[in-house]
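User: Please take me through this model by way of a few questions, with the criteria behind each term spelled out.

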Amino acid sequence: MDLLDDLKKIEKEAEAELKEVADLDQLEEMRIKYLGKKGKIQAIFSQMGKIEADQRPVVGKEANILKEKIQGWLGEHKERLEKEAVQKRFEAEKIDVTLPGSEVEAGRSHPLSLVTKELEDIFIGLGFDIAEGPEVESEYYNFEALNIPAHHPARDLQDTLYIDDHYLLRTHTSPVQIRTMEAEEPPVRIIAPGRVYRSDELDASHSPIFHQTEGLVIDKDISFSDLKGTIELIVEALFGKERDVRFRPSYFPFTEPSAEVDVSCIVCGGEGCPLCSHTGWLEIMGAGMVHPNVLEMSGYDKDVYSGFAFGVGLDRLVLLKYGIDDIRVLYENDKRFLHQF
Amino acid sequence: MINLQISYNWLKKYIDINYTPADLSEKLTMAGLEVEGVEYLGEGLEDIKIAKIEEIKAHPDADKLVICMVKTAADKEPIPVVTGAPNVEAGQMVPFAEVGTTLPNGMKIEEIELRGQLSQGMICSKDELGLQEERAAGIMVLEESAPLGASFLKYKRLDDYVFKLDLTPNYARCLGMIGVARELKSLYAQEKTLNTPPISFEEAEELGTINDYVEVEIEDPDLCPRYTARLVKNVEIKESPEWIQRRLKAAGIRPINNVVDISNFVLMEYNQPLHTFDYNKIKDGKIVVRRAEAEEKIMTLDDEERALDDEMLVISDPEKAVAVGGVMGGANTEVTEETTDVLIESAYFNPVSIRKTAKKLGMHSDSSHRFERGVDIEKAVEANNRACQMLAKCDGAKVVPGVIDQYPLKYEPVVIKLETARVNELLGIELKAADVRKSLERLGFEVKAAAADKFEVTVPSYRTDVEQAADLVEEIARVYGYNKIPSTRPISKQRGKRTPQQKFEKRVEELLQAGGLDEVITYSLQAKKSYDDLNLCQFEDYAKFVSIKNPLSEAFAVLRTTLVPGLIDVLSSNARRQGSEMAIFETGTVFRNKGGNNRPEELNMLGGGIFGVENDIWQQGAPNFFALKGVLEMLFERIQLDNYQFIPDNDNRDFLHPGRRAEIKYNQIQTFGFIGEIHPELADQNNLPQGTTIFELDLDFLFKVTAAKEYSYQKLVKYPVLARDLAVVLKEEIAVGEIHQAIQNIGGAMLKNLELFDIYQGDQIKEGHKSAAFELKFQADDRTLTDQEVNRRFNQIVKHLKEEYSAEIRGN
């Protein structure tokens, strides 16, 4: 009996058998067969008593070497099999990533809100507060206090919807200027977005209900150049750096000097096109230095304080910004429209 | 709002400018005279030539047509033109369109054959040339002296541009040609002179003086500070000369006769409205300027009888009113074909009085428009003389020597103090005193130095808009150029912010969007009818309408009292467009009448609606209701609103399905909103899908009760959760919400979470009953709960449900 030969046989046998092992179960079977308590290596050890004493250490050593060898083979093979198993699982679980994701409907903001919030954020960044005022206004706040006395031709500039002899629907957001000045001491720095009303028939470019934002800055040493700088910044924020801005003399009873602000046409860039009536310019807001009469009526000292105010039509801004050609679309709330923003 | 039309050629009579029309348009706009449009009068007439009809031949095959042999130039052979015009004659000079020309109406002239005869062009009629609206009976015939082959539009002086101006009220001085010319000179063309018409004419000495014919008495100088009158006798009423007609047409004024036309011409030139009376119809030649008597009546030039009152000014003779001063003349003294002697009035009327009168009578005229804005009181006589000069040129007309000039309230020039430093402060520039002076003097202001850098500025009489220093600052800025002023930004010492309520509203909007609702914006003026149609007025608050006194139409006649009609309109119009699902919200103001003279109440509301949801989580057949309710519950949780309840709405809000509507209450008592399905009948009537659900909440209230809440950190509990399911069978009519509340009450603090996960009615549940299944999660903050503790509490709950609600416990 030559145990060393047996060990060699076992080694060959194991080497061959390992190649046939295809899964972890078989691998375990093989481990038990060779390395288990009743396995082939153990069988060698149990025969040690039957051989010469001087042979025992030699056989013992060889048996241990083989045991470790087989252990190593099994380990390597196990690792390989595990990898293959994972690979198989991945293959089996493969999905078609081009299928669409499940539907998540986040609600949209109305474009008027988008533009209003955008403006608000720009102005908050410049240190402005957001002010509000009632939509049903008194004659006093809508006209008188804004230096538009009764029987002045300036009243023709806005067709007014009246509630009764005293109350009316504000024709502009400018009454918020007065309410703010009455409530607060200078310095004042506000914008006041909101709804306004005019007796204008509804058509593609007019709506009896529309939105404006008022702006008002009052402090010591506020100048027309401050007005220009502030407005240019807004235009840049809204329409981009490449737009030109121009100021031209105009008239609002509550500002003096007054200006109309134009930006170079967003469609043609100034070349002239139907949108800008071939002038190259789009009128976007009215502005000016707060009229001394307005300061005085609201209890500010016109010799100490000065300020500027401006008014922007928000609907028009939305139409321009998104290239919408009919104001009525804003109030129809067609889902196909709302879902574009 | 175009309120002035000026002709380029006419303007050049007063100032010798060489701007191109495009330049001029830009200059005017940048001067503050906004040009709304420019029209070329010769538009489309560029290729029309003056031609001569040499010979007329009969058409061999048509009785009504002739062949004109037309010569277009001296050195060209006549060409044949077939025409049916009845008024052609050999030798006529005519406007002619050659082959290849396009007429203003778009018609392109081509060589054609008419009944076998070649026609190589077209002899034009006035309407074909766009010179008159109505169809002309025949071709236009020109004067014999018209030069052959010349440009028609040059000959007719149609080579002109008309600028349509939208003048703001402070540009009253520019409502006339001289005013516009003066403005251009001041701002752009210093070296140019202003060419006002030299006025000289012969007075007919043999007629005596005006005082022999006319007497003027002003009873009310406040309303009429100045009244001037002149008399021209022996005037033949006829058409005006062509050049006057052409000027007026370019200005958009229809020529009538020489007297009316001259008066309109001076109005356009001097911005001074004149009125002309038939002198012989004025009793005793006496003019009384007085207030109308109460209930006095006058027939005005437009043949309307006008009822006057004592706030109105009339021009009167001793017997009768002959004009509503400054607004419109009376029919009784109108200049007609029989008139021979013309009394010319040139006056200044009080702007406010004119405005009130014109408004009350609904008569807005070219005169009242100017008087309202203030004319140059100092120029009244000059304008009157100008009219006389022009009338004197009519054959035989004789101007009676002298002018009556009643001027009881003499013009006092406005003097304004101005400091250079203040100008610079307000504009953000650095002008020297001399620059300030120069700017103002250019504009016609008289400037006196009062002290170093201080001026006293005298305002010219035509600048009715300048009242104080700020007005002068604007003038200086205009001369300096708005666009040359530098751009700076004011230093801010404060931090910009939204108010807490604004932040809250923004957050609510964002949360609703996260819940899948699209924001809509609807009109706040609505038709009352839509409230009736939707049965909304049954609900008391919704019937508190604020009505518009002068509504545009029924559709915009009342302010909304609720967001509901707007929301329903959006939902139904989208449903009509085949939208299969929609979820919307709106935040907005609603208005409620507070009665009497009180200011209407303005409330911020939040409303919304939904249709098209299919997942019917509780199998109640109301998926939309629970989808929308879910969004609201999410909102309430996120804004930390506690202690709200959805309570069946038993007798309010008839526009909702009676079995599917709830009031939303705070602390069991305070209703702050509702949710419900649109009543099935209303849904049908409005093309809404059945089951469409809407809600409305009082946003101000929500803000008020949650304003003080801030998020606070609670230590995360590390002890285990013990979960129990509980399925109870209840009588159908018991609200699950009530059971939920009862379980929570008994469960107490250790019942950390309670959720309904199933509701069932059917096979295994006895008739008239339903099964509700809850998951209960128990947890203590400070220790691990034992099974015994949880079981004890669970059993208490079960016992309570059995006793109070006769509930049976399933699977127990």
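Predicted model: local features only at pLDDT ≥ 70, side-chain atom pairs only at ≥ 80, totals over all residues.

Analyst: Residues are numbered from 1 along each chain as its sequence is written, and chains are lettered from A and ligands numbered from 1 in the order in which they are written.

User: Which helix gives the largest share of the side of chain A that touches chain B?

Analyst: Contact here requires that the C-beta atoms of two residues, placed from the backbone, lie within 7 Å. By that criterion, 68 residues of chain A are in contact with 73 residues of chain B. Helices are DSSP runs of H or I with at least four residues, strands are runs of E with at least two, and both are numbered from the N terminus. The largest share on the chain A side, eight residues, comes from residues 224-239 of chain A, helix α8.

User: Which residue stands opposite Val457(B) of β25(B)?

Analyst: Strands count as paired if DSSP finds at least two bridges between them. Strand β23 (residues 415-419) of chain B pairs with β25(B) in the antiparallel sense over five bridges. In this pairing, the residue opposite Val457(B) is Ile416(B).

User: Which residue in the turn between β24(B) and β25(B) has a positive phi?

Analyst: Strand β24 (residues 446-451) of chain B runs antiparallel to β25(B), joined by five bridges. The two strands form a hairpin with two residues between them, and the turn residue with a positive phi, about 65°, is Asp453(B).
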